[in-house]
Amino acid sequence: MYTQPENRSQAEKFTLATLVKMKSAGEKIACLTAYDASFGALLDNAGVDLVLVGDSLGNVIQGHATTVPVTMDDMVYHSRLVERGLKRAFFMVDMPFMSYPTPEIALNNAARLMQEGGAQMVKLEGSGHQAEIVRYLNKNGVPVCAHLGLRPQNVHKLGGFKVQGRGKTAARKMLKDALLLEKAGADIILLELVPRKLAAEITAKVKVPVIGIGAGGEVDGQILVLYDMLDITPGRRPRFARNFMEGAGGPRTAVEAYVKAVRDGSYPALEHSFD
Ligand code: KIV
């Protein structure tokens, strides 16, 4: 049964059904990445609804320029760590580069993330081309999040980290891909660096929850790389990421401020979005 956040016990484990009910109730879903047990527990206790072990660990933990070098063993290792810190939050883990070239290989690797890493859902960077893989995972009982828009594993093809879906043709293709992946069985759509009006249109047209990062405020939930919102990531912070450490007493209060801002819609503001 769905219960409002203030009535939920700390130990009530989130499931996919909880997130779907949050979408229908118009309640925003607050999501963050984590890479170890201590931050997993901090996020869980601060009220984060969904924790992702992102392959962004290639950047923020391993110091690579891209997520391409991240391996399945890296993902399984960090998933095990984070999972030990979680009691309540829904737990999603990224499929790294080249871990899903065919449906069969994707299923073997997704099974590792669920059985060895404790994932409740896997995320893959998809376009319409991945529909067959999503369908196969779905048929075999693997919950899937399809990551559209900027797909960092494709950075060398895309030629940089740029807003995706600008212009009529590209926007129409992204909407078509989202509907195709939903039909294939994707349980969540994640949109990265997408113009806010297009993200709002996709959110209205699909039934599954839509989580955004740099995709404006008219989606069902928000996600950020933890180290970006805590202002730990070296170099320039992405425009869509607010520094929640500003004015916070420490990481726990910064994460609580993020959860509150996502819930009340004050984050993201227009300055964090793209046209
Ligand atoms: O790897 C990651 O952290 C992600 C988020 C940016 C959504 O995919």
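How far does a polar side-chain atom of Asp55 lie from an oxygen atom of the ligand, and what is the distance in Å? I looked this up in a predicted model, and the computed distance is 3.0 Å.

**Entry 1**

For Asp94, I found a polar side-chain atom 3.1 Å from a ligand oxygen atom. For Lys123, the corresponding separation between a polar side-chain atom and an oxygen atom of the ligand is 2.7 Å. I also checked the surface of the ligand: taken alone, the ligand exposes 260 Å², and 95% of that is buried by the protein.

**Entry 2: the shell around the ligand**

**Entry 3: the pocket**

Where does the ligand sit? I find the ligand in the largest pocket. I noted a volume of about 740 Å³ for the largest pocket. I recorded 34 residues in the lining of this pocket, and Asn59, Phe161, Glu192, Val225 and Asp228 lie nearest its centre. By class, I recorded 16 nonpolar, nine polar and nine charged residues in the lining of the largest pocket.

**Entry 4: backbone geometry**

I looked up the peptide bonds and noted a cis bond that joins Tyr267 and Pro268, with omega at about 0°. I place Pro268 in the segment that comes after helix H11 (251-264).

I also looked up phi of Met98. The angle is near 70°, which is a positive value in a residue other than glycine. Where is Met98 found? I located Met98 in the loop that runs between strand E3 (90-94) and helix H5 (103-115).

Technical notes: Residues are numbered from 1 along each chain as its sequence is written. This is a predicted model: local features need pLDDT of at least 70, side-chain atom pairs count only at pLDDT 80 or more; totals for chains, interfaces and linings use all residues. Side-chain values use heavy atoms; hydrogens and water are left out. A polar contact is a pair of N or O atoms within 3.5 Å; within protein, one must be able to donate a hydrogen and the other to accept it, and residues adjacent in sequence count only if both atoms are side-chain atoms. Accessible areas come from the Shrake-Rupley method with a 1.4 Å probe; for residues, only the protein chains shown count as cover. On a 1 Å grid over the protein atoms alone, a cavity is a set of points where a 1.4 Å probe fits but cannot get out, and a pocket is an open set with protein on both sides within 12 Å along at least five of seven lines; lining residues have an atom within 4 Å of a point. A molecule sits in a cavity or pocket if more than half of its atoms lie within 2 Å of its grid points. Grid points are joined across faces, edges and corners, and a volume is the space filled by probe spheres set on the points. Ala, Val, Leu, Ile, Met, Phe, Trp, Tyr, Cys and Pro count as nonpolar, Asp, Glu, Lys and Arg as charged, and the others, Gly among them, as polar. Helices (H or I, at least four residues) and strands (E, at least two) are DSSP runs, numbered from the N terminus.
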